[in-house]
Amino acid sequence: MGIPQRLTGAQIIVESLVRHGVRHAAGIPGHGCWTLTDALLDRADEIRTIQVMHEQSAVHLADGFYRASGEPMLAFTSIGPGATNTVMGMATAYVDSTAVALFTGSPHTTMRGHGLLQELERRHVADNPRIFEPVTKEWWQPSRVDELPFVVHRAWNAMTTGRPGPVLLDVPMDVQAEAAEVVLPDPETREARGRVRPDADAVERAARLLAGAKRPVIVAGGGVISAEATTELRALAERLGAPVVTTWNGKGAIDETHRLAGQTIGDTGSTIGNALASSADVLLSVGCRFVDWSASSWRKGVTFAIPPTQLIQLEIDEREIGKNYPVAVPLVGDARAGLRDLLDALGGGNPATDYGDEIERLNAAWDEQIEVKSGSDAVPMTMARAVRDVQVVTRPDAIVVTGAGLPQGMVKQRWVTRQPRTHITSGGFSSMGFTLPAAIGAQLARPDAQVLAVCGDGDFLQTMQELAAAAMLGTPVCTVVLDNSGWISIKGGQQHHFGRTAATDFLRDGRLYSPDFAAIGRAFGVHTESAHEPADVRPAVERALASGGPSLVHLRVDRDLAVAGPDKTGWWDVPVPEGRPVHDEQLAGRAEEQHR
Ligand SMILES: Cc1ncc(C[n+]2csc(CCOP(=O)(O)OP(=O)(O)O)c2C)c(N)n1
């Protein structure tokens, strides 16, 4: 047993965070969390308090920190508007299964329901947390200060075990301020150590199926990366001679220059990924959900054909098993433990596959295809060329962060990811505004890494105020704004599906409009570069990275829909009214979808 201490509620939280190894807390103070920020001041040697300019960014920052390091940190807000500002950040973290601890201030327990400043109370007293119900793994609203040691270790357990997810601590102001004699638990005695192993019989069956497969393919999702299972994944791929294809969040599960890398899958995936995954005889999926975007809206034969492909699904969350495709062998368990078990069950031996040089040929054809846009010297430059040239001057372990729109798909399709946790994207929620704050979080987690926030003008304009956070922190994040004067991914979809476009160009007096991004960078006091021709991109990014501080590189890119975005390689089903160009094609494709 530890020694009893007299601590306020906020001190209990802060001391517990220190014990859990938390080193950063990001947010905006207000009267709803005064006691917390005051308690953080006493432990400033252990936990650095970081100011952001919008609470959504605090959560994205913590999310980016977790994705880059596997370690959670704290996001905090005051009561009311500060708290509700975080909902989208929490949704992003929840959909992508990342661990974020959010603290929000809540009305005094003695005044709940009386209409306190910034209280939501017309349907239920102190009702803020119910807004968060669909976007948190678990939430607490303690009523007594002596509950808090328990609440914090429960929150840590919920957030980091099994399928990770964000948690909410909504702490009444009086509970933060009151003191009690408490014993803080040693986290070691409360954390769920160890990894869940799949059923041994199922592992044997899966291994037999894989050993006899002629065209095995491994689909790696974000679960491979969060479970730190990339070494085992590569070993299994090599043992089987099986190519590895990746989802959005799975990018980084295998070095994309490895001979067995089958690249990305889905609508803006690669031709190689879709060709391999759709022609597999046995598919092993690891930590992936088979969402529409990576499964081409489940249209048979585009990304997957299950059946006849037999699916072995290794997944920590049993709820995901069999959700989108029938399963030949379910493996409920941790990705690393499950892959190790499969390796053991397979034993030594050589691959029995008959791929020959097929993977090499598919890769070569894909390289040739993407070269058309990525190698273009045209001015205005293609976004593909810009992304390639940004990467050329970065180190192989540089972290790239994306949020939404064409840059997100372009980076998925064309950035060559070499290591886990170096491709960070809001894959499941595709959140505009994620990129810059998440990149600041990633940079805090990996101070020595080059971190590039690659965003569209629309994405950047949602959270560009965080250049102030980067400037104050001195984090050397390099923000690359790919400026095409509009929400051009949406425009492209409108043109394709509807034959005309609406409300997607940025116009002023009928002429294309972009704010002066270089002036914005300078106004925030960060190193700023502008480049509008392909030849100028590399030197601009080099100078920005060499500046040693936060920087902004403004790149003007082509908005012609024929070349603006990533190549369409799969299928995506969005409802289109009768009479529109692709209506009949949509109906025909829909008839082949398998989501029942
Ligand atoms: C918060 C949010 N609002 C709306 C959307 C829908 N949406 C997806 S991409 C996109 C446009 C992105 O524009 P930009 O960042 O400029 O990139 P572009 O596609 O123009 O290159 C929009 C509006 C979204 N994903 N997130």
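**Stop 1: a pair of helices**

Select residues 9–19, helix H1, together with residues 34–42, helix H2: their axes come within 8 Å and cross at roughly 50 degrees. That angle makes H1 oblique to H2, and the crossing is right-handed. Keep in mind that you are looking at a predicted model.

Now show side chains where the two helices touch. On the H1 side, pick Ala10, Gln11, Ile13 and Val14; on the H2 side, pick Thr35, Leu36, Ala39, Leu40 and Asp42. Colour them by class and you will find 6 nonpolar, 2 polar and 1 charged residues in the contact of H1 with H2.

**Stop 2: the sheet**

In what order do the strands of the open sheet run? Its 6 strands are arranged S11-S10-S9-S12-S13-S14, with parallel pairing. To find the edges, select 261–264 for strand S11 and 329–332 for strand S14, each of which pairs on one side only. Turn the view to look along the sheet: from one strand to the next, the twist averages 15 degrees.

Next, zoom in on residues 282–286, strand S12, and residues 310–315, strand S13. These two are joined in the parallel sense over 5 bridges.

**Stop 3**

Then select 335–346 to bring in helix H13, which lies across S12, S13 and S14. Relative to S12, helix H13 runs at about 145 degrees.

**Stop 4: two buried helices**

How many of the 10 residues of H16 are buried? The count is 9, so helix H16 is largely enclosed by the rest of the structure. Among the buried residues of H16 are Lys412 and Arg414, along with Leu406, Met410 and Val411.

Last, select 435–445 for helix H17, where 11 of 11 residues are buried and the helix is mostly covered. Click along H17 to see buried residues including Thr435, Pro437, Ile440, Gly441, Gln443 and Leu444.

Technical notes:
Residues numbered from 1 in each chain as written. Predicted model: local features only at pLDDT ≥ 70, side-chain atom pairs only at ≥ 80, totals over all residues. Heavy atoms only, no water. Pairing = 2+ DSSP bridges. Helix = DSSP H or I, 4+ residues; strand = E, 2+ residues; numbered from the N terminus. Axes fitted to C-alpha atoms, helices over the stretch in contact; angles between N-to-C directions. Contact = heavy atoms within 4.5 Å. Parallel < 35°, antiparallel > 145°, perpendicular 65-115°, else oblique. Left-handed = near helix turned anticlockwise from the far one by under 90°. Nonpolar A, V, L, I, M, F, W, Y, C, P; charged D, E, K, R; others polar. Buried < 20%, exposed > 50% of the residue type's maximum accessible area, 1.4 Å probe, protein only.
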